[in-house]
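Please keep the sequence and the three-dimensional view at hand while reading.

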Amino acid sequence: MEDSEERLLVLEEHTLSEDAGFTGDGSMDKNGNPVLKHNTGNWRACSFILWTECCERFAYYGISKSLVTYLKTRLHQGNVTAAWNFTTWQGTCYLTPLVGAVLADSWWGRYRTIAIFSAIYLIGMAILTISSSLSSLQPSPQLNYVSPQPNFSQYLLFFTSLYMIAIGAGGIKPCVSAFGADQFDETDPIERSNKGSFFNWFYFCINLGSLAAGTVLVYLQQYYGWGLGYGVPTLFMGLAMGSFFIGSKIYRFQKPGGSPITRVCQVLVASVRKWRVQFPLDNCCLYELPGKNSAIEGSRKLAHTDQLRFLDKAAVVTHTDSKHGNFSNPWRLCTVTQVEELKLLLRMFPIWFTGIVFFMVCAQDSSSFIEQGMVLKKQIGSFTIAPASLSTFEVLTFIAFVPIYDKIIVPVARRFTGKVRGFTELQRMGTGLILSILAMVSAALVETKRLQIAREMGLVHVKVEVPMSILWLVPQYMLVGLAEVFTSIGQIEFFYDQSPNALRSVCTAFALVTVSLGSYMSSFVLSLVSYFTTRGGKPGWIPDNLNEGRLDLFFWLISALSLLNLIVFLFCSSRYRYKTASV
């Protein structure tokens, strides 16, 4: 199905404008004029976008990786309060992309949205740097075990800066990847192939920024102070903005298509109004604008599909419509493209849902995996390994494997499958889901062995580490890193490629929301496990003393849920029908 889609895309738009060297996907320059392929877009434009993303992620992770430490040491917050403030802020960072995406797809366009929210982000970073640098904007240091609390103005300044960053990140996150992919003409086979590589290198830059922040910035914050530790990422956020604006003349732009919520409601209302209307014998009789232009700005026409047939009634031309020539009221009559836009969203929803369970597995690397590492032997010779630092293996695996996947695996797979990207997006995502199950199985087996050693050495009722090296956790971290190469990148690529042209930022934002929902689902499952396993005075699966618990059973439970999720994914993906552009 994807191969037929690619053939249609290549055939489409073979017009005089293409022969003259213009793009065939409706791209424009900053002034709204058609753009030439040879001097716009492609990797030349993406180099600015990738550098922007790397700098922005460096700034973001420079804050997130040390925020709890700052809240506890400089604002004198307790463990619970600091953890609550961190999770609330992080959750906001992954929910605000919906706002930025709607603004981008509806009115502002991706370029303007990135520019406006980057400015908000930079101002927030600057305020945070000032707040952490001036002693008058912080509470007094701890004295005689008494920790003075910040006053209202100090709290207000700090959290204003923090949530300005969350809002800024929300506007940037869903738009940068989509804007980068916009630089490749999907009607050109070569550029379409490069688009798949772009998503690989986009995530490579994200993890490169994360690695640099987790090493360089954490070191600066710990040994040279918070002013410098936050000042450096502020500088890099400024560099990110500068890099983004430098490429303005060679970017390719797509028109925003108006409110997606309104279009969805119009299809639903029109189909309900015509629920008694009979379908025409020929689907060609369904309403669509003549010519190659779509009624939706920034979107190409979509071919009709036979799935979700009830919605097709919104495009049925009734006798009343013909008699009065009433073809301009979308609340009564919608085009086939508008109907298919809603169908695409509904078809993608089950695939989107399976991503939540995947990110529930990924959430373990910063929660249960760390708890597991805390009761293992952390001494390697004279060196002590902090459990939280093991996530570096996950990031390094990701960074090392992306070039291997892009330069070796894809070309080899292309020879066997004949597909431009080696695999379909769904095949790539499914591979990652399998790897995530293996990661949880690895964690469960290590924990089973750890508990066995604890029983043999009589350490069950003693809250001490077990003489088993913490390095046994490295394989599960590496498997999570590999899983993210396949599923995380495949998911973003899938939602961009399969979403309607005028909804690409929104669909990318929904892909990002699965990260947040995965964390919430992990907390929900953990709460259920705690409730059911601690009844009757039992210590439960995850007590304070893990030697008395059964953390291995918790890992097996996550493995089982992931296996069930994989089965659902395979069922949904086998029935999924890829988007087809109308010729």
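P141 is an exposed residue, because its relative accessible area is 65% and values over 50% count as exposed. The structure is a predicted model. The points below begin with individual residues and proceed to helix packing and the nonpolar cores.

- P141 belongs to the loop that joins α7 (110-133) and α8 (152-181).
- Between P141 and G242 there are 37 Å, taken from C-alpha to C-alpha, and the two residues are 101 residues apart along the chain.

**A buried helix residue: N200**

- N200 is part of helix α9, which comprises residues 189-223.
- N200 counts as buried, because its relative accessibility is 2% and the limit for burial is under 20%.
- When residues up to four places away in sequence are not counted, N200 touches V402, Y405, D406, R428 and I489.

- Most residues other than glycine have a negative phi.
- N42 has a phi near 60°, which is a positive value in a residue other than glycine.
- N42 is located in helix α3, which covers residues 42-64.
- For H76, too, phi is near 60°, and H76 is a residue other than glycine.
- The position of H76 is in the loop between α4 (67-73) and α5 (79-95).
- H76 is classed as buried, since its relative accessibility is 14%, and buried means under 20%.

**Packing of helix α6 against helix α8**

- Helix α6 (residues 97-108) crosses α8 at roughly 60°, and the axes come within 7 Å of each other.
- This angle makes α6 oblique to α8.
- The crossing of these two helices, α6 and α8, is right-handed.
- On the α6 side, the residues in contact are P97, G100, A101 and A104, and they meet G170, G171, K173, P174 and C175 of α8.
- Sorted by class, the contact of α6 with α8 consists of five nonpolar, three polar and one charged residues.

**Packing of helix α6 against helix α18**

- Helix α18 (residues 504-533) also packs with α6, at an angle of about 170° and with the axes 7 Å apart.
- The two helices α6 and α18 are therefore roughly antiparallel, a description that applies to angles over 145 degrees.
- From α6, the residues P97, L98, A101, V102, A104 and D105 meet R504, S505, V506, A509, F510, L512 and V513 of α18.
- The contact of α6 with α18 contains ten nonpolar, one polar and two charged residues.

**Packing of helix α13 against helix α16**

- Helix α13 (residues 336-362) and helix α16 (residues 425-456) have axes 10 Å apart and pack at an angle of about 30°.
- Because of this angle, α13 is roughly parallel to α16, the term used for angles under 35 degrees.
- The crossing in which α13 passes α16 is left-handed.
- In this contact α13 supplies I351, F358 and V361, while α16 supplies L426, M429, G432, L433, S436 and M440.
- The contact of α13 with α16 has seven nonpolar and two polar residues, and no charged residues.

**Nonpolar cores**

- The largest nonpolar core comprises 134 residues, and W89, Y121 and F158 have the most contacts inside it.
- Y121 is in contact with E56, A59, Y60, M164, I165, G168, A169, I172 and M237, once its neighbours within four places in sequence are left aside.

- V316 lies in the loop between α11 (260-273) and α12 (319-324).
- Although V316 is in a loop, V316 counts as buried at 5% relative accessibility.
- With residues up to four places away in sequence not counted, V316 touches K274, V277, Q278, F279, P280, L286, D321 and L333.
- One of these residues, L333, is 17 residues from V316 along the chain, and their C-alpha atoms are separated by 7.2 Å.

Methods: Residues numbered from 1 in each chain as written. Predicted model: local features only at pLDDT ≥ 70, side-chain atom pairs only at ≥ 80, totals over all residues. Heavy atoms only, no water. Axes fitted to C-alpha atoms, helices over the stretch in contact; angles between N-to-C directions. Helix = DSSP H or I, 4+ residues; strand = E, 2+ residues; numbered from the N terminus. Parallel < 35°, antiparallel > 145°, perpendicular 65-115°, else oblique. Left-handed = near helix turned anticlockwise from the far one by under 90°. Contact = heavy atoms within 4.5 Å. Nonpolar A, V, L, I, M, F, W, Y, C, P; charged D, E, K, R; others polar. Core = buried A, V, L, I, M, F, W, Y, C linked by side-chain atoms within 4.5 Å. Buried < 20%, exposed > 50% of the residue type's maximum accessible area, 1.4 Å probe, protein only.
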